[in-house]
Amino acid sequence: MPADLNGWKGSGDNGQNKFEPPKFEPPKFIKNGGSTGLIIGAVLLLFIFLFKPWVIINEGEVGILSTTGKFSQKPLLPGLHFYVPVVQKVIVVDTKVHMISYKRNPEIGTMPDRYGTIKVYPAINVLDARGLPITVELSVSYKLNPRQAAYVVKTYGLNWEDKIINPIVRDVVRNVIGKYPAEELPMKRNEIAAQIENQIREELAKIPNQPIIFESFQLRDIILPENIKKQIERVQIAKQEAERAKYEVLRAKQEAEKKAAIARGIAEAKKIEAQGKADAMLIEANAQAKANMIIGKSLSTELLKLKQIEVQGKFNEALKNNPNAKIFLTPGGVVPNLWMNVQDEKKAISKGQ
């Protein structure tokens, strides 16, 4: 850029080369006490950075504006909010889902997670219907009602969970578990869990303005005394043996019924077979009788004489071959019997035609 030569004096001015910079005129507010303005500005900047009169409310949170100790009922929603330091302050309250876990292990305290806070408390010790000690592990989830955040903090303070949730859960668990004998607790676990959850909901609903939103409940474990555990194991073993015996009896009964059915089937088959044979014999006898009747009706004197002649002819032939044969008549018989000589090698024969 070209230099400003207005203030340059050349060799014509007494032979001296001299540069004079342009004159600078300060602003009027500096001329007229400007140092006071600078001081005020610096003080304001220092005040802003020291007191930070703003707050950013994130999602899952609400702010409670307190002016000279008095809470505003309307919560501050997520976003940027300004307030007057010293006179006002903002209390940020978490409205995400929280959980209280009652456990036996010594890890007691508060563990923040991604979405809320998990508080670990000691497991709940209760007495059953007979006064036996029982230990219960469970967890309960809940969150603060954003519209009632100011009421909760004003009434219960920032540790409202220890004053609302924890006492209600412990009282409900003791009341429900105390109705049952220890032996029935494992078998009625689902029933007991449902009762505990319903009663916790009912107790929270009784709180004015309903500041707590109940989310869920989980019954994790019921720890029984060792003698009760052994007794339950013995009962379970006895039940299993009884079931096994019942099964064996049923199986034997089914096997006997099966064999009886097979025997009845065989007997029925034999009966049917015998009846069939009897029917066949009866049919054959009837047929033979009918045949005899037909034959009997067909006999005549001439036919009988013809048969006698035929038989006599056979005897004559036999006598020719055996002259020692003897002939005798059977009483009432019409056909003679022929006997051979017993001394002969041929055995006696009988003709009965």
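Which residue forms a salt bridge with Glu243, and how far apart are the closest N and O atoms? The partner is Lys246, with the closest N and O atoms 4.0 Å apart, a salt bridge being a side-chain nitrogen of Lys or Arg within 4 Å of a carboxyl oxygen of Asp or Glu.

## Basis of the description

The structure is a predicted model, in which local features need pLDDT of at least 70 and side-chain atom pairs count only at pLDDT 80 or more, while totals for chains, interfaces and linings use all residues. Residues are numbered from 1 along each chain as its sequence is written, and side-chain values use heavy atoms, with hydrogens and water left out.

## Overall composition

The secondary structure of the protein consists of seven helices and 15 strands, where helices (H or I, at least four residues) and strands (E, at least two) are DSSP runs numbered from the N terminus. Of its 353 residues, 26% count as buried; buried means under 20% relative accessible area, exposed over 50%, and partly exposed in between (1.4 Å probe, protein chains only).

The accessible surface of the protein comes to about 25,400 Å², and carbon and sulfur atoms hold 58% of that area, as computed by the Shrake-Rupley method with a 1.4 Å probe, for which only the protein chains shown count as cover for residues. Among contacts in the protein with a separation of 6 or more, 56% come from residues 24 or more positions apart, a contact meaning heavy atoms within 4.5 Å.

## The sheet E5-E4-E7

Three strands form an open sheet in the order E5-E4-E7, with antiparallel pairing; two strands are taken to pair if DSSP finds at least two bridges between them. Strand E5 (70-71) and strand E7 (88-94) stand at the edges with a single partner strand each, so one side of each is left without a neighbour in the sheet. Strand E4 (residues 61-67) pairs with E7 in the antiparallel sense over seven bridges, and Leu65 stands opposite Val90 in E7.

Helix H3 (residues 149-156) lies across E4, E5 and E7 and runs at about 60 degrees to E4; axes are lines fitted to C-alpha atoms, for helices over the stretch in contact, and angles run from 0 to 180 degrees between N-to-C directions.

## Strand E12 and its partners

Strand E12 is mostly covered, with ten of its twelve residues buried. On the pairing side, strand E8 (residues 98-103) is joined to E12 by five bridges in an antiparallel arrangement, in which Ser101 has Ser139 of E12 as its bridge partner. E12 also pairs with strand E13 (residues 212-223) in the antiparallel sense, over ten bridges, and here Thr135 stands opposite Ile223 in E13.

Strand E11 (residues 124-127) pairs with E12 in the antiparallel sense over four bridges, with Pro133 in E12 as the bridge partner of Leu127. The hairpin of E11 and E12 has five residues between the strands, and in it Gly131 takes a positive phi near 85 degrees. Within E12 (residues 133-144) lies Ser141, which counts as buried at 8% relative accessibility. Leaving aside residues up to four places away in sequence, Ser141 touches Val97, His98, Met99, Phe214, Glu215 and Ser216.

## Salt bridges

Side chains of opposite charge can pair when their charged atoms come close. By the cut-off given above, the count comes to ten salt bridges. One of them joins the side chains of Lys143 and Glu215 at 3.9 Å, N to O; Lys143 lies in strand E12 and Glu215 in strand E13, so the pair ties together parts that are 72 residues apart in sequence. Lys143 is partly exposed, with a relative accessible area of 27%, and Glu215 is likewise partly exposed, at 33%.

Glu243 and Lys246 both lie in helix H6 (residues 226-298), three residues apart, which is about one turn of the helix. Glu243 counts as partly exposed at 48% relative accessibility, whereas Lys246 counts as exposed at 55%. Another salt bridge links Glu184 with Lys188, where the closest N and O atoms are 3.2 Å apart; Glu184 is partly exposed at 27% relative accessibility, and Lys188 is partly exposed at 31%.
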